[in-house]
Amino acid sequence: MHIDDLIEATNHYINSDNQDRPQLSIPKEWAQGRTAYGGLTGALVYSAIREKVSNDRVLRSFSCNFVGPVTTETPFDIEVDILRQGKNVTQVTGKAIQDGNVCVMVQAAFGVSRESKINLRNTDRHAMRAPTKADFLPQIPKITPKFLRHIDLARQGGGLPFTGSKESEIDGWMRFTDPPKALTDAHLIALIDGWPPATLQMLKWPAPASTMSWNIEFVYPHFGFSPEEWFAYQVRTRQATDGYAQTEANIWDSKGQLIAISRQTIAVFD
Ligand SMILES: CCCCCCCCCCCCCCCC(=O)SCCNC(=O)CCNC(=O)[C@H](O)C(C)(C)COP(=O)(O)OP(=O)(O)OC[C@H]1O[C@@H](n2cnc3c(N)ncnc32)[C@H](O)[C@@H]1OP(=O)(O)O
């Protein structure tokens, strides 16, 4: 099932009355091990939130806690609460709830653009060559997460998971294999989580790992993205101790403009 169909179903769900609500569920083809792909569940909860916020307010910050696994092919609900709506900023939470348990908790902050005397443009650049095709991983049954059939990854630096690498960073590009109709913030959220945690390449053998928390700060201006666009991604492990890793990534559009900064805390059970 295409991501656009899942986003459309979510938006229909959140705009329906309780009695007429269709059931939401995520097909197996979007699985990531024992759970639905976190980038997708985060994107769907975000999409439901976005439906409740006026369009003059743009997404500034997206915080997501993966509280527990979301089982594929199993109904779940989404609840959205507007916490506060001021003159400039709206703060909203969204939850995915399955079998009575909160599985994904999102808090998003949206803000209107205002005139400001401070104008400091980010100048971080990358030196990666433009990608020509996806080349990350073959579909190895039981090893390659199923959802990766929907996302093209083109790696240009760093290692593959579980290869005993000395490096703890990954450089590369990402895009949707089957482009969406239009590329929205929800699609960006779904793309950004596509890479495996950069720390896992340091392990010699497969071990369970789960992203626990994830924050994306959206950096503007965004000049409009094409549905086929490749986005550049560079992630660095800032620290990995006590079974938890902290990673930080920059995301650029295809023209080299920084559009987002993503941070994750990952629990590694090695
Ligand atoms: C050539 C090379 C080719 C390589 C080929 C590509 C490979 C490519 C690798 C991609 C690797 C993706 C790695 C990111 C995977 C997400 O990011 S998954 C998506 C989003 N995150 C989530 O869904 C996490 C949801 N949250 C949770 O599940 C829980 O809050 C946490 C984070 C696991 C908390 O841990 P906890 O309090 O210890 O939880 P608890 O319920 O007690 O469970 C612990 C058990 O779960 C297990 N566990 C934890 N995570 C997992 C997991 N993902 N799967 C299975 N078991 C798990 C632990 O090992 C532990 O097992 P036991 O010790 O009981 O045997």
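The structure is a predicted model. The average pLDDT of the protein is 96, and 100% of the residues score at least 70. The model as a whole scores ipTM 0.95 and pTM 0.96.

The record gives residues 27-111 for the feature "domain: Acyl-CoA thioesterase-like N-terminal HotDog", in an unreviewed entry. For residues 136-268, the content is 6% helix and 42% strand, and the end C-alpha atoms are separated by 22 Å.

The empty space in the structure was examined next. Rolling a probe the size of a water molecule over the atoms shows where empty space is left. The largest pocket has a volume of about 1300 Å³. Its lining is formed by 47 residues, and those closest to the centre are Gln32, Gly33, Arg34, Pro145 and Ala209. Several elements of secondary structure contribute at least two residues each to this lining: strand S1 (31-32), strand S2 (35-36), helix H2 (38-50), strand S9 (209-218) and strand S12. Strand S9 provides the largest share, with four residues. By class, the lining of the largest pocket comprises 29 nonpolar, 13 polar and five charged residues. Because domain 1 (1-115) and domain 2 (122-270) both give residues to its lining, the largest pocket lies between the two domains.

The second largest pocket contains about 630 Å³ of space. A total of 18 residues line this pocket, and Arg60, Ser113, Arg114, Ile118 and Tyr220 are the ones nearest its centre. Eight of the lining residues are nonpolar, six are polar and four are charged. Here too, both domains take part: domain 1 (1-115) and domain 2 (122-270) each supply at least three residues to the lining of the second largest pocket.

A search of the whole structure finds one cavity of 30 Å³ or more. The volume of the largest cavity is about 90 Å³. It is lined by 14 residues, with Trp195, Tyr233, Val235, Thr247 and Gln264 lying nearest the centre. Strands S10 (231-241), S11 (244-252) and S12 (258-268) each give at least two residues to this lining, and S12 gives the most, with four. The lining of the largest cavity consists of nine nonpolar, three polar and two charged residues. Strand S12 therefore supplies at least two residues to the lining of the largest pocket as well.

Several local features of the backbone complete the description. One concerns Tyr220, a residue named above among those nearest the centre of the second largest pocket. A cis peptide bond joins Tyr220 to Pro221, with omega at about 10 degrees. Pro221 is situated in the loop that connects S9 and S10.

Two residues other than glycine have a positive phi angle. In Asp99, phi is near 50 degrees. Asp99 is found in the loop between strand S5 (89-98) and S6. With a relative accessibility of 66%, Asp99 counts as exposed, since the cut-off for that class is over 50%. In Lys142, phi is about 70 degrees. The loop that holds Lys142 runs between S6 and strand S7 (151-157). Lys142 likewise counts as exposed, because its relative accessibility is 88%.

Asn101 belongs to strand S6, which covers residues 101-111. Asn101 and Gly68 are 33 residues apart in the sequence, and their C-alpha atoms are 8.2 Å apart in space.

How values were computed
Residues are numbered from 1 along each chain as its sequence is written. This is a predicted model: local features need pLDDT of at least 70, side-chain atom pairs count only at pLDDT 80 or more; totals for chains, interfaces and linings use all residues. Side-chain values use heavy atoms; hydrogens and water are left out. On a 1 Å grid over the protein atoms alone, a cavity is a set of points where a 1.4 Å probe fits but cannot get out, and a pocket is an open set with protein on both sides within 12 Å along at least five of seven lines; lining residues have an atom within 4 Å of a point. Grid points are joined across faces, edges and corners, and a volume is the space filled by probe spheres set on the points. Ala, Val, Leu, Ile, Met, Phe, Trp, Tyr, Cys and Pro count as nonpolar, Asp, Glu, Lys and Arg as charged, and the others, Gly among them, as polar. Domain bounds come from an automatic or database domain assignment. pLDDT is the predictor's confidence in each residue, from 0 to 100. UniProt positions are given in the numbering used here, feature names are shortened, and annotations may be inferred rather than shown by experiment. Buried means under 20% relative accessible area, exposed over 50%, partly exposed in between (1.4 Å probe, protein chains only).
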